[in-house]
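Let's take a walk through this two-chain model together. Have the coordinates open as you read.

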Amino acid sequence: MNVRSAAARLSAGMIARSEPAVRPSVDLVAKRRRDAQRRQLNVAGLRLLVAVVFLGGWEIGARLGWIDPFFWSQPSAIYAKFVYWITQGTELGPLWEQALVTMEETVGGFIVGSILGVIVGVALGRSRLLSDVLGPYIKAANAIPRVVVGALFAISLGLDIKSKIATAAVLVFFVVFFNAFQGVREVDRTLIANARILGAGDRQLTTEILIPSALSWIVASLHTSFGLALVGAVVGELFGATQGIGELIYNAKNQFDAAGVFAGMGLLAAMALVAEALITALEDRLIKWRPPVATETRI
Amino acid sequence: MTPAIELRHATKRFLTPSGTVFTALQNLDMTVQPGEFCAVVGPTGCGKSTTLALISGLEPPSEGEVEVFGKPVTGIGEGIGYVFQSDAVFPWKTVLENVAAGPRYRGSSNHEARDRARDWISRVGLSGFEDRYPYQLSGGMRKRVALAQSLINGPRILLMDEPFSALDVQTRSLMENELLGLWAATSASVVFVTHDLEEAISLSDRVFVITAGPGTVKSNYKVDLPRPRNVAEIRFEPRFGEIYQEIWNDLRDEVLVSYERQKRSGAA
C-alpha cells in the first residue's frame, strides 16, 4: 500500500467522523449548563455545611462544657436573645430603631466622607502644587489610627448622630480620597490629549474625562469604605451614645451578656451584607461601560 | 498661496526622567499645502509623532517656528483633527456620545451635537451602533468612531498618527479606502504618520522621509498616482513600484541606522 492511499483513507475517515458536527455542540451547551448548575448546587450545599459544622460545633462544645458559654455564649442563646429583642424590644427601645439609627449614621458618614474624598482627591490629583504641599500632612493623618477621632467628636459634637457621622466620614474620606487621587493621576494621557484637541476646556476635562476615568477606582473603594463607615458609626456609639447597635453591644458588654454582644455583631454583619449588595448594584450602574468581568471571583 | 502647515527649523528637545536632554527633532522643515495628503515615514523613534504634536499645539517647539495657515501655533488650534495611534475614544461614552463630544465641547447644544453625530456615524458606516460602548466594538469599528469624532469638527488639518497600525491587513485596506473617500469630501490637509511605506504611497500626494532620530526631513517625494485610488489595487500599478523603489532607497539607510542603534543600546 502506498502512502497516498493511506492518506486518502485517513481523510475519508476524518470526513466520516466530522459528519455529525452539529449535534455535539448542542450537547456541549446543555452539558455546560448542567455542569454550572451542579456546581452552584455544590457550592450552596457546602456553604450550608460550613455553617452547620461551625454553629453545631459551637453549640455542642458549649453544652458539653468545652466552651464556657458565659464568655463565649452559644448559638441557641444568641438566637433567643434575637427573638427577645424583636418581640420584647431592647433596653434602648425597639430593635429596628437601633438598627435604623446605626444605618443612618453609617450612610450619612459614608456619603459625607465619599463626597469630600472625591472632591479633595480630584483637586489634589489635578494640582501638582496642592498635592506637593498637602501630601505629607495627608500621609501623616492617614497613619494615625483614625478611630480615636471618635473621642474628639464625642466631646465636640455631643452624643447625638453628628459625632457618629463625623467619625464614619473621617474613616471613609481617606480611602476614597486616595483612590480618587490615584485614579485622576493614572488617566490615560492620550485621552486627555484627545479631549483637548476636540475642544474640551478645563471644566469639561474634569467632569468628562478625569472623574469618569477615576470612577472605577473610586467605586472600587466604596466597597471597603462602606465597611469602614459602619466601623466609624459603631465606634462613635461606643464612645458615647443613647441609641444604636454599638450602644446595644456596649450595654451587653457592661452586663457580661456575651449573647447580646454576639447578637449585635450578627446584626451588623447582616447590615454590611445588604449594603454590599446595594453597592455592587450601584457599581454596575456607574461603570456599565466596562466589559463585564467574571463575577465568580467576587466575594 | 499660504501653506496649510509650515515648520521652519523646528527643533524639539525633551528632558528625560534621568535629567539628560533628548533631541527628538532637529531643524525640521516641512511645508504642506491646503488640501494636500502627506505621509510621513521614518524609522521607529525618529520623532514622527512629535512632529504631529508640534503642529497640533499639544507641544511647543524648543526652537524654530510652526505655522498653521500663516499663523504661529500658540496652543491647541481650532481647526485641527487628531487620530491617535492607540485607542483614544472615551471608553465611558457610547458611540453617539463619543462622536458628539467635539461639537458639544465647542458649544453646540446637546440636541444639535447628537443630530450631527448621527450623520457622521452613518458616514463611517456605524449606523445601528450608536448606543454601544467602545469595548463592545472591534478594533476597526473603534477606529471608525475615532475618525467620525475627529471629522465632525470639520478640521482644516487632519493629523493621523499610525491610526491603522493595530488593525489586521484586510480591515486596514478597507479603512484606508474609506479614509480616502471621507477626505475627498473635505478640503482638509492630512499629515499621516506611518512606518509602512506602502500605506504612505497608496494614500498620499507627498511622502516625507524622516531621518533616524534626531529627526529631520531627509527628502520629500511627490506621488503622482491618479485619484480616486483603490488602496488594495494601486500597488499593482507599475508607477507605484517605481515610486516605492525610489523612496525605499532613501528610507533603507535610515532604518538601518536606527536598527544598529537599537542593537547597540540593547547590548549596552
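## Ground rules

Helices and strands here are DSSP runs, numbered from the N terminus: H or I over at least four residues makes a helix, and E over at least two makes a strand. This is a predicted model, in which local features need pLDDT of at least 70, side-chain atom pairs count only at pLDDT 80 or more, and totals for chains, interfaces and linings use all residues. Residues are numbered from 1 along each chain as its sequence is written, while chains are lettered from A and ligands numbered from 1 in the order in which they are written.

Chain A has twelve helices and zero strands.

Of the 299 residues in chain A, 31% are buried. A buried residue has 20 or more other C-beta atoms within 10 Å of its own, an exposed one has 12 or fewer, and a partly exposed one falls in between, with C-beta atoms placed from the backbone. Contacts use those backbone-placed C-beta atoms too: two residues are in contact if the atoms lie within 7 Å. Looking at contacts in chain A with a separation of 6 or more, 75% are between residues 24 or more positions apart.

## A closer look at helix 12

How does the span of helix 12 of chain A compare with what its 29 residues should give? At 1.5 Å a residue they should span 42 Å, and the end C-alpha atoms are 41 Å apart, so the two agree. (The expected span is 1.5 Å times one less than the number of residues.)

Among the buried residues of helix 12 of chain A are A:A258, A:G260, A:F262, A:L268 and A:A275. The buried residues of this helix pack against helix 3 (69-72), helix 4 (75-88), helix 10 and helix 11 of chain A.

A:F256 has a phi near 50 degrees, a positive value in a residue other than glycine. A:F256 counts as exposed because it has 10 C-beta neighbours inside 10 Å.

## Chain B: helices and strands

Chain B has eight helices and ten strands. Its C-alpha atoms fill a box of roughly 55 × 45 × 45 Å along the principal axes. A compact globule of 268 residues would have a radius of gyration near 18 Å, and chain B has 19 Å, so the value agrees. That radius is taken over C-alpha atoms, and the globule rule is 2.2 Å times the number of residues to the power 0.38. Buried residues make up 44% of chain B.

Most residues other than glycine have a negative phi, and most peptide bonds are trans. B:H9, in strand 1 (residues 5-15) of chain B, has a positive phi of about 45 degrees although it is not a glycine. B:H9 is partly exposed because 14 other C-beta atoms lie within 10 Å.

B:P228 is in the loop between strand 10 (217-222) and helix 7 (231-234) of chain B.

## Where the chains meet, and the core

In all, 14 residues of chain A are in contact with 19 residues of chain B. On the chain A side, helix 9 (189-198) and helix 10 are the elements that give two or more residues. Helix 9 of chain A gives the most, with seven. The chain A side divides into eight nonpolar, four polar and two charged residues; here Ala, Val, Leu, Ile, Met, Phe, Trp, Tyr, Cys and Pro count as nonpolar, Asp, Glu, Lys and Arg as charged, and the others, Gly among them, as polar.

A nonpolar core is a set of buried Ala, Val, Leu, Ile, Met, Phe, Trp, Tyr and Cys residues joined through C-beta atoms within 7 Å. The largest one has 133 residues, and A:V172, B:I55, B:V99, B:V191 and B:F192 touch the most other members. Helix 10 (residues 202-238) of chain A gives the most to this core, with 16 residues. Leaving out residues up to four places away in sequence, the contacts of A:V172 include A:F110, A:L228 and A:A229.
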